[in-house]
Amino acid sequence: MRNKADANAAQPGNPSALAATVYQVAFAGHSVAIRLSTDAAHTFLAFLFADLHSPAAPETTPLLELTAQDTHYLLTDQSRTLYSGRLDVQFAAVLFDQVIYHLLHTQHNGVALHAGAVSWQGQTILLPGRSGSGKSSVTAWLTSQGCSYLSDELVFLPNDGAGVVIPFPRPFCLKPGSAAVVKALLPAAQQVGLLADEHGAVIPHRLFNPTCTLASTPPGVLLFPVYQSGAVLHVEQLSQARASALLMSCDVNARNLPDHGFHQITQLARSIPAWQITYSSFAGLPEVWSDLAASFTSP
């Protein structure tokens, strides 16, 4: 099932061309401009970045350009071709990576973590993990259980002492192995408006929970997901030292920070509890979530 953006992608040269315009994506005080010139490209960008679109963002020189060519699109960066293809799941994944790179490569006002995040009773549950750890799947499951979605990929922790989490709220971007499992969380009638193909799926987070405030809330819990095929569901509370080490492995902009973010990360690990959940399916998660949620909110 494909969304409107993908349907239009087969006709990049269609007559509904726009005058060259710029789509701004803003996050944590930085912005990226993407130049485009077709309705299909604009629809695709709006599908991916609607929660991050900021027409009022500071003017920047367009860093990326999305150009229609015959039956496909080119993504370029200052005349360098980054990707060529249809506006599909793989194109979306490449575009997410490029936008995040440009948003973070000079970011030095805090720590950016490779992490999912949801909000629960006024606090943020952070789900740090590298690619393939299963953080998007667990984030989707928690969102389907009533948590308010924040991100499945990236959060920013400012070093200004405010103590809040700034999320990167994109649609769920899922690899083929997890796409079918996560889609199954949705009733068949709700599996509309998503982008799915052999490369995986991009699913709007509001399909799992339409209530989404995207508020910046303080971190309350660290929950490290570990997907292992065939594993028995296991939950383990982590020491502060272990949590710090795992967080450092998820520090995206470490090279921009004098101490690679070590002080800020260790402070976070010392201030909130940390758990690791090893899983192979969603079976058993309701019981585990019930127990963990109770412990999160205990005085």
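A residue is called buried at under 20% relative accessible area, exposed at over 50%, and partly exposed in between (1.4 Å probe, protein chains only). The model is predicted, so local features need pLDDT of at least 70 and side-chain atom pairs count only at pLDDT 80 or more, while totals for chains, interfaces and linings use all residues. Residues are numbered from 1 along each chain as its sequence is written, and side-chain values use heavy atoms, with hydrogens and water left out.

Rings of Phe, Tyr and Trp (its six-membered ring) pair if their centres lie within 6.5 Å; planes under 30 degrees apart count as stacked, over 60 as edge-to-face and the rest as tilted. Nine aromatic pairs turn up in a search of the whole structure. In one of them, Phe172 and Phe208 have ring centres 5.2 Å apart and planes at 80°, so this pair is edge-to-face. Phe172 belongs to strand β11 and Phe208 to the loop between β13 and β14, so the pair ties together parts that are 36 residues apart in sequence (strands are DSSP runs of E, at least two residues, numbered from the N terminus). Phe172 is buried at 0% relative accessibility, and Phe208 is buried at 8%.

Tyr227 and Tyr279 also form an edge-to-face pair, 5.6 Å centre to centre with 70° between the planes. Tyr227 sits in β14 and Tyr279 in β16, so parts 52 residues apart in sequence are tied together. Tyr227 is partly exposed, with a relative accessible area of 40%, whereas Tyr279 is buried at 3%. Elsewhere, Phe27, Phe156 and Phe168 form one aromatic cluster.

Terms used:
Helix = DSSP H or I, 4+ residues; strand = E, 2+ residues; numbered from the N terminus.
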